[in-house]
Each structure stands twice: as structure tokens, then as C-alpha cells.
Amino acid sequence: MNIAIVGASGAVGQEFLRVLDEQNFPIDNLTLFGSSRSAGSSYIFRGKEYIVKELKHNDDFKDIDIAFVSAGGSTSVEFADTITRHGALMIDNSSAFRMDEDVPLVVPEVNGADAFNAPRNIIANPNCTTIQMVVALKPINDISPIKRVHVATYQAASGAGAAAMAELVEQHAQITRGDEPTVNKFAYQLAYNVIPHIDVFTDNDYTKEEMKMNRETKKIMHAPTLEVSATCVRVPVMRAHSEAVWIETAEPITVEAAREALAKADGIVLIDEPAQKRYPMPLDVADKDPVYVGRLRRDLTNECGLSMWIVGDQIKKGAALNAVQIAQYLIANGWKH
């Protein structure tokens with residue numbers, strides 16, 4: 001396979017390199033693209049040095065089979081035709097195309113087959129918080145359709161990029177020194193704080209991040225009547241997002257049945273032993289591939305309700321790994337360029 005990474009110098013671009021190597025993804029030729037600022041940078045992949053090329057409107061993608069793109073929505077929109085013009089498949093990590101009817105929005109464990117219906121040669125990678133949630137919802141939904149979801153997220157600094165992670169580290173150091181902490185990447189100081197605000201507010205007073213979870217979940221799960229209400233919160237964690245989720249199913253499901261379904265599901269690790277204080281935490285889940293689920297219990301307010309706790313690495317499963325798994329799913333099921 002001839003593979004391209006667009007946005008190779010960013011946090012997700014760097015994660016693409018690690019994930020492709022870890023997954024032993026078949027690569028004959030690799031091309032790295034970036035902005036004019038990052039062009040000329042070099043990275044080692046499988047013992048070979050690769051120089052980042054500047055992304056331009058030319059024929060650089062003529063021989064590319066799959067392009068993993070993580071360079072921001074405006075770049076994705078501007079260069080989509082350039083990337084796909086000669087038949088390359090664009091797997092895009094931005095929000096630019098997620099809700100377009102002719103662009104599949106794919107989490108392989110949930111709706112992998114949708115990836116084969118990509119008339120524009122574009123497949124969208126969902127939002128990180130949506131990805132880990134729907135992986136955990138799917139086994140429950142297979143037992144009884146989910147009618148309603150409430151979710152509160154606890155999102156790590158990694159969701160705002162490498163500079164945001166560095167800012168969190170620096171804020172802690174500045175506060176320890178007695179200095180005023182630098183605030184650039186977040187609305188407020190994140191160190192020793194939580195911020196109930198991710199992305200911009202919309203007309204209904206939900207943020208774009210919260211509305212992404214609402215709309216994307218419905219599309220991925222083919223459930224237009226599914227109700228989803230989210231509150232997204234930034235927490236002073238370096239990497240891996242957590243979610244407290246309450247679901248209502250059409251028919252009551254026992255905790256035992258839900259636990260069995262989750263334990264057998266692809267892409268999930270169940271850690272649910274409250275008596276032993278065993279449950280997923282971002283400190284343990286950082287840099288791991290699966291989605292981790294715990295604290296599974298009956299919702300005391302609803303006989304058809306269950307509550308659970310979900311943790312996943314935002315940069316891995318929430319971004320680079322899911323995109324690579326889309327490509328793996330296609331190849332495993334007969335896709336050819």
C-alpha cells in the first residue's frame with residue numbers, strides 16, 4: 001500500500017506513525033505532508049528517514065492508496081479534491097465532512113460496513129468522545145435498542161493537541177514556582193481546575209463538542225430517533241478521556257446480561273470489580289488501544305436504565321487508531337484501490 005499522512009508533524013500525525021508501526025500495517029511507500037512551516041522536518045519510520053513535503057495543489061497524491069488526514073477542518077475542505085482526485089481514499093480526522101450524507105462516519109466495531117459506501121472517496125473519523133462511547137453502546141444496543149443517552153465527559157488536555165498538553169505541564173510548574181500560570185489553549189487555567197466548556201457555544205447553549213456527540217452518535221448507530229444529551233468537561237489529565245454514561249433501553253436489561261455482552265465485544269476491556277476497587281482510569285488507559293468499561297450498574301431512577309464508566313485514549317482510539325482500523329477493516333473485507 002502507498003500511504004500518505006497529512007498533518008504528519010501534529011500530535012495525531014505522530015500517533016499515526018506509531019499506530020501504523022504497532023499494527024504492522026502493510027506499507028510499500030510512505031509520504032508525509034505538512035504545512036509550509038513543518039515542511040522539511042524529518043521523522044524515522046521503520047528505520048527509514050522521511051522528509052515532510054509541503055501540502056500543495058498538485059499531483060502528489062496520484063499514486064497514493066490511502067491518505068490519513070489530520071490537519072484541521074479548513075485544510076481538509078481545501079485539499080479534499082486534490083487528495084482524492086486520482087482515486088486515493090481520504091480518511092479524515094477533522095469534523096469537516098462528518099455529517100455529510102455522502103460521507104460515511106465510521107467506527108469499525110459499530111458500523112464498519114458503512115466504509116464501503118464512500119462515493120467521494122472520503123471517510124470521516126468521528127469525534128474522540130463519540131468513538132469511545134459508541135463502542136461501548138453497541139453491545140448494549142444489540143440486546144435492546146437504546147432510546148436515550150446522557151453523558152458527562154472528563155476530557156484530557158490531549159484533546160486540544162500537543163501544545164495544550166505542554167501548557168498543562170507548564171501551568172503546574174509555574175504554580176509551584178509561585179508564578180502566574182500561562183493560559184493560551186483553554187478558556188481558563190486547567191491545572192487544579194475543571195472547565196465545563198469544550199469548543200464554542202451554540203445557539204442552544206450546548207457547545208459544538210456536545211452537539212457532535214448528539215449528531216454523530218445517531219449517524220454511526222443508524223438511530224435518528226436516539227436522544228443524546230452531553231456535558232463536556234476539560235479536566236487536568238494529560239491523556240485519555242473518561243465518560244460517565246447513563247442509557248435507557250427499550251426493554252430492561254440486567255446488569256449481568258450487559259456485562260456479558262461488553263466482555264465479549266470487540267475493542268472493549270471490561271474492568272468492573274468494585275469490591276476490589278478495580279475500574280478504568282485514564283492514568284492506566286493512556287497509550288492503550290481498547291475502550292475500557294467499568295462501574296456498570298442499574299440506574300436507580302429508571303427500570304430500563306444502566307450506568308457505566310468509559311475510558312479511552314483520545315489520541316489512539318479517539319483518533320489515529322480508529323482511522324487505521326477503518327483501513328484495516330476495508331482491506332480485510334476485500335477493498336482494493
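User: What is the handedness of the crossing where helix 1 passes helix 9?

Analyst: In this predicted model, helix 1 passes helix 9 in a right-handed crossing.

User: Which residues meet between helix 1 and helix 9, and how do they divide by class?

Analyst: On the helix 1 side they are Val12, Glu15, Phe16, Val19, Leu20 and Glu22. These meet Lys316, Ala319, Ala320, Leu321, Ala323 and Val324 of helix 9. The contact has 9 nonpolar and 3 charged residues, and no polar ones.

User: Why is helix 4 called roughly perpendicular to helix 9?

Analyst: The axes of helix 4 (residues 128-143) and helix 9 (residues 316-332) cross at roughly 85° and come within 8 Å. Roughly perpendicular covers 65 to 115 degrees, so helix 4 is roughly perpendicular to helix 9. Cys128, Ile131 and Val135 of helix 4 make the contact with Lys317, Gly318 and Asn322 of helix 9. By class, 3 residues of this contact are nonpolar, 2 polar and 1 charged.

User: How do you know that the span of helix 2 is close to the expected one?

Analyst: Helix 2 (residues 73-84) has 12 residues, and its first and last C-alpha lie 16 Å apart. At 1.5 Å a residue, 16 Å is expected.

User: Which residues of helix 2 are buried, and what covers them?

Analyst: Thr75, Ser76, Phe79, Ala80, Thr82, Ile83 and Thr84 are buried. Their cover includes strand 1 (2-6), strand 6 (66-69), strand 7 (89-92) and strand 8 (122-124).

User: Why does Ser70 count as buried?

Analyst: Ser70 has a relative accessibility of 18%. The cut-off for buried is under 20%, so Ser70 counts as buried. Ser70 sits in the loop between strand 6 and helix 2. Leaving out residues up to four places away in sequence, Ser70 touches Val6, Gly7, Val12, Phe16 and Asn93.

User: How does the span of helix 6 compare with what is expected, and what do its buried residues pack against?

Analyst: Helix 6 (residues 208-220) has 13 residues and reaches 18 Å from its first C-alpha to its last, close to the 18 Å expected. Buried in helix 6 are Glu209, Glu210, Met211, Lys212, Met213, Asn214, Glu216, Thr217 and Ile220. The buried residues of helix 6 pack against helix 3 (108-111), helix 4, strand 9 (146-155), strand 10 (227-234) and strand 11 (241-249).

User: What is the phi of Asp205, and why is Asp205 called exposed?

Analyst: Asp205 is not a glycine, yet it has a positive phi of about 75°. Most residues other than glycine have a negative phi. Asp205 is in the loop between helix 5 (162-177) and helix 6. Its relative accessible area is 62%; exposed means over 50%, so Asp205 is exposed. Just after helix 6, His222 takes a positive phi of about 55°.

User: What makes Lys277 exposed, and where does Lys277 lie?

Analyst: The relative accessible area of Lys277 is 64%. Since the cut-off for exposed is over 50%, Lys277 is exposed. Lys277 lies in the loop between strand 12 (268-270) and helix 8 (282-285). Although not a glycine, Lys277 has a positive phi of about 60°.

Technical notes
Residues numbered from 1 in each chain as written. Predicted model: local features only at pLDDT ≥ 70, side-chain atom pairs only at ≥ 80, totals over all residues. Heavy atoms only, no water. Helix = DSSP H or I, 4+ residues; strand = E, 2+ residues; numbered from the N terminus. Expected span 1.5 Å × (residues − 1). Buried < 20%, exposed > 50% of the residue type's maximum accessible area, 1.4 Å probe, protein only. Contact = heavy atoms within 4.5 Å. Axes fitted to C-alpha atoms, helices over the stretch in contact; angles between N-to-C directions. Parallel < 35°, antiparallel > 145°, perpendicular 65-115°, else oblique. Nonpolar A, V, L, I, M, F, W, Y, C, P; charged D, E, K, R; others polar. Left-handed = near helix turned anticlockwise from the far one by under 90°.
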